[in-house]
Amino acid sequence: MLLRHTTEEVTQRKALTINPAKTCQPIGAMYAALGIHGCLPHSHGSQGCCAYHRSTLTRHYKEPVMAATSSFTEGSSVFGGQSNLVQAINNIFTVYEPDVIAIHTTCLSETIGDDIPQILRKAQDDGKIPEGKYVIHCNTPSYVGSHVTGFSNMCKGMVDYFAQPSDEKLRTLNLLPGWVEPADMRHLKQLCGRMGVSTILFPDTSDVLDAPQSGHHEFFPRGGTTVEDLKKTGASSATIALGKTASDAAAKALDAKCKVPCHVLDLPIGLSATDRFINTLRKVARVEVPREITDARGRLVDLITDMHQYLYGKRVALWGDPDQLVSLTEFLADCDMKPVYIVTGTPGKAFVKRIEAVLDGRCPEAKVVQGPCADMFLMHQWIKNEPVDLLIGNTYGKYIARDEDIPLIRHGFPILDRQGHALFPTVGYLGAMRLLEKILEALMNRQDRDAPEESFELTM
Amino acid sequence: MTLPRPDEVRDELLKKYPPKVARKRAKQIVINEKQEDGSVPEITANTRTTPGIITQRGCTYAGCKGVVLGPTRDIVNITHGPIGCGFYSWLTRRNQTRPPTENDENYMPYCFSTDMQDEEIIFGGEKKLRQAIQEAYDLFQPKAIAVFSTCPVGLIGDDVHQVTKEMREKLGINCFAFSCEGYKGVSQSAGHHIANNQLFKHVIGRNDEGVEGQYRINLLGEYNIGGDAFLIEELLDKCGITLNATFSGNSSICGFERAHTADLNCVMCHRSINYVADMIEKSYGIPWIKVNFLGAKATAKTLGKIAEYFEDEKLTQRVEEVIAQEMAPVLEAQETYRKRNEGKLAMLFVGGSRAHHYQDLFNEIGMKTIAAGYEFAHRDDYEGRRVLSSIKLDADSRNIEELEVEPDADRFSPRKSQEDLSRLSRQGVPVADYEGMMPEMENQTLVIDDITQYETDQLLEIYKPAIFCAGIKEKYAVQKSGTPCLQLHSYDYGGPFASFQGAITFYETVDRMVNAKIWNFVEAPWDRKVKPSLEAEYVRK
């Protein structure tokens, strides 16, 4: 057994997190910043933070993840990181020539209390920020929230620095995609395009973290939301923010700063959440839903009706990020499956309430936890007590999957051992069909494997 | 093939930097030139990385928890800090381990963290740490619990050593801590040193019962990435050499505790573990020699050195037999792969010893290393230990404790006399010596310390090597430029590459990558440059 020390007996833990279902803020900020065109993320902290974040994002995407660090030493930790950061800004603009440097902090620079806006003023005064270039920042103390909080903070940073208020509103909508994959972002743009809605999607990691092999390392790949577009977000007529944890803060900030009203929705993963997204888009943009999209929805519903028997009552454990979990839970419940264990390390009681709301009594046995010590160890203990038919979560689930002989569908962050998540969407009706295909494949392969020879089915 | 002049390449690499950065980098980009006395040009190493430059380097915590202690299966390693550091070092280094039975302890697939929140940053985290250790003990009753400090821990002043001391007394198990905050030192290297110190203080020497055997050695600086240690263990076993402890691939804390009972320390990765080797030598009288199990020739040489050290005819004979037996398929493989790869160019920028050792493997199939450098090594790893006395300690190095080690009152017992050691040295088994990477590299090759992403991109553009070896952060940027990149930290999830058998796997891996067909398909047919006449013909048709 790989996880041989995981006991059935669940004891209460207050201090020790084991096998976390989250990581820290800065990596989320780094991921979001990669969704700005021509942007180099910068980690204001020890070298290790930047190295770890780049490594994890790289393992997940199998793509270059460029980012710089302030390389704190003991001296800078005592005297403050100003000199390191000013130096870094100068070196980055000289050597790598980005349009934007997006700084996020770390537990180190937060604990010593570095004041980033003050340091940026100093860099500006010293002439270290070339004409027409930008340095933006957000605070991402690692001891608050999780990686999703960091993503959210960087999205808000984009609004704080770039969005320009405008009295004249354009028909354009802002679309905050939340923490989803490049393929999801691309698909969201396509969906809006088919609806005839002009949007500014930000951040946008498509064509950044799924860049084609060209024989040349494009240091700043083609994708990413342009600064010009980020400035125009203040002139849009509305914002649709997907995923409360990841996108709410930026949407609200945009409303406060530029009077752009916002609609905060669940991530459009699965049937109901996608329905709400499309319907909101329809109403806000005052457009018709094209036949093509309604048909795609119909194909999804058809798939569920056709294969319902294989889904019905199947018990699922899922872990990961709140926004993903809310929509996945609802989707599973819509298919008459049983999302029995739902775990996120990202703290926030609103999550539990939202899960209860989307379940709407459809899975009374569901156990939902969040925050420190809400971890995969606890979830594994639950599984040992009462097993599940399916696991949905990141790569770390493969250890439970193997020990307990339960199929695993990789979803969320990070996925370190398979490919496809960055290339094929899970949002929208098409994404839901892909998810469902995976779920059916996993459950039906299991049935085939375990069926006695006489009841091994040809047609299913 | 004519290669560009290295001095011109060097100028090109430095051209774009701001003057201050260029001056600093100039001392870290050196053209190798061996003198007759064996000396090589001085390189600046183990100094601060320039902020903003995009470095390969990580931090002290990574060197301590990730590298040195990570591979040990039966210590509950608790990261004291916010969740990230524990999360990122969770199983990501591919250290394999083989507990003797299903029931033996193995905590490596677990990640333990105090997941510090803002209230602990404000009011202190000692209470939570104490509680976390208690909870770990209650759940697992492990032999030992170790605590690793992350950046904020040092800043808010949590006394991790006091907490672990209290818990050691309370629980009656070994419990110790590492002040390996990420900001200490200039790279992972400081973390290695801190790990070495604490292992020496808290673990080594706690058990006087060594393993039985005639030729008993410890293997130091071998981390069993991808199963390297398994192959080495098998090889040693074949030769009749007994492995008493490994630091720390496929290891158990029991090995560390009895490390002082062996008769020879064999140092593989000099950078990360030479401190332990030195301290054991001073305290217990066990000499150390530099070994290398990467490359068939190097492996054979290493076995020869060990046999020579024990001065035993029977062992020498056995080792020779094993080498002869193992070499046959290796030589055959070398011939096959040499034909396909002779003269191709390799670059290695990685680690603190790997950029050196893997050159042997490339040599064995006729590939030429034209540029290499370490991520976090010191001058002695480049130029050899002969320069140790001339390395000036800077403020960053002084921050890392240097343990004063005295001969152990009861257990100091020199395994060899001074006379024996001098004789061994004359016979080609120098004790406590490492000659470094540069003396083994050809003249006019480039040696670059702490290479930046910018320099990496430039080198690829200028040389278009057949293969580039680095780590995960570099891998896909390199490959996007059309050059295959082999990760030498993780072996791209393949390997193992150590020992004779591993050498063959390495040749195969490199051959597969260098000669992959897919590189011919990068350009779309409609973008391919065709001869105008052919194009015209095609259009006419």
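**Note on the two-chain model**

1. At 12% relative accessibility, B:Lys128 counts as buried. Buried means under 20% relative accessible area, exposed means over 50%, and partly exposed is in between, as found with a 1.4 Å probe on protein chains only. The partner of B:Lys128 in a salt bridge is B:Glu120, and their closest N and O atoms are 3.5 Å apart. B:Glu120 is also buried, with a relative accessible area of 11%. A salt bridge here is a side-chain nitrogen of Lys or Arg within 4 Å of a carboxyl oxygen of Asp or Glu. Elsewhere, salt bridges with shared partners join A:Arg186, A:Asp207, A:Asp210 and A:Arg222 into one network.

2. A word on the basis of these points. The model is predicted, so local features need pLDDT of at least 70 and side-chain atom pairs count only at pLDDT 80 or more, while totals for chains, interfaces and linings use all residues. Residues are numbered from 1 along each chain as its sequence is written, chains are lettered from A and ligands numbered from 1 in the order in which they are written, and side-chain values use heavy atoms, with hydrogens and water left out.

3. How many salt bridges does a search of the whole structure find over all chains? The number is 63. Side chains of opposite charge can pair when their charged atoms come close. One pair is A:Asp126 with A:Lys122, where the N to O distance is 3.0 Å. A:Asp126 is partly exposed at a relative accessible area of 35%, and A:Lys122 is partly exposed at 31% relative accessibility.

4. Another pair, A:Asp248 and A:Lys252, meets in a salt bridge at 2.9 Å, N to O. Both residues lie in helix α10 (residues 244–258) of chain A, four residues apart, which is about one turn of the helix. Helices (H or I, at least four residues) and strands (E, at least two) are DSSP runs, numbered from the N terminus. An α-helix has 3.6 residues a turn, so residues three or four places apart point the same way.

5. Helix α1 of chain A, residues 25–33, is mostly covered, with nine of its nine residues buried. Among them are A:Gln25, A:Pro26, A:Gly28, A:Met30 and A:Tyr31.

6. Two packed helices are described by the angle between their axes and the distance between the axes. In chain B, the axes of helix α1 (residues 6–15) and helix α19 (residues 453–463) come within 10 Å and cross at roughly 140°. Axes are lines fitted to C-alpha atoms, for helices over the stretch in contact, and angles run from 0 to 180 degrees between N-to-C directions. Angles under 35 degrees count as roughly parallel, over 145 as roughly antiparallel, 65 to 115 as roughly perpendicular and the rest as oblique; α1(B) and α19(B) are therefore oblique to each other.

7. What residues make the contact between α1(B) and α19(B)? From α1(B) they are B:Pro6, B:Val9, B:Glu12 and B:Leu13; from α19(B) they are B:Tyr454, B:Glu455, B:Gln458, B:Leu459, B:Ile462 and B:Tyr463. Contact means heavy atoms within 4.5 Å. By class, the contact of α1(B) with α19(B) has seven nonpolar, one polar and two charged residues. Ala, Val, Leu, Ile, Met, Phe, Trp, Tyr, Cys and Pro count as nonpolar, Asp, Glu, Lys and Arg as charged, and the others, Gly among them, as polar.

8. Now the backbone. Most residues other than glycine have a negative phi, and most peptide bonds are trans. A:Phe413 and A:Pro414 are joined by a cis peptide bond, with omega about -5°. A:Pro414 is in the loop between β14 (408–410) and α17 (428–450) of chain A. In chain B, a cis peptide bond joins B:Gly495 and B:Pro496, again with omega about -5°. B:Pro496 sits in the loop between β14 (485–487) and α21 (499–514) of chain B.

9. The loop between β14 and α21 of chain B also holds B:Tyr493. Phi of B:Tyr493 is positive, near 65°, in a residue other than glycine, and B:Tyr493 is partly exposed at 43% relative accessibility. In chain A, A:Ser71 has a positive phi of about 45° although it is not a glycine. A:Ser71 lies in the loop between β3 (68–69) and α3 (74–79) and is buried, at 3% relative accessibility.
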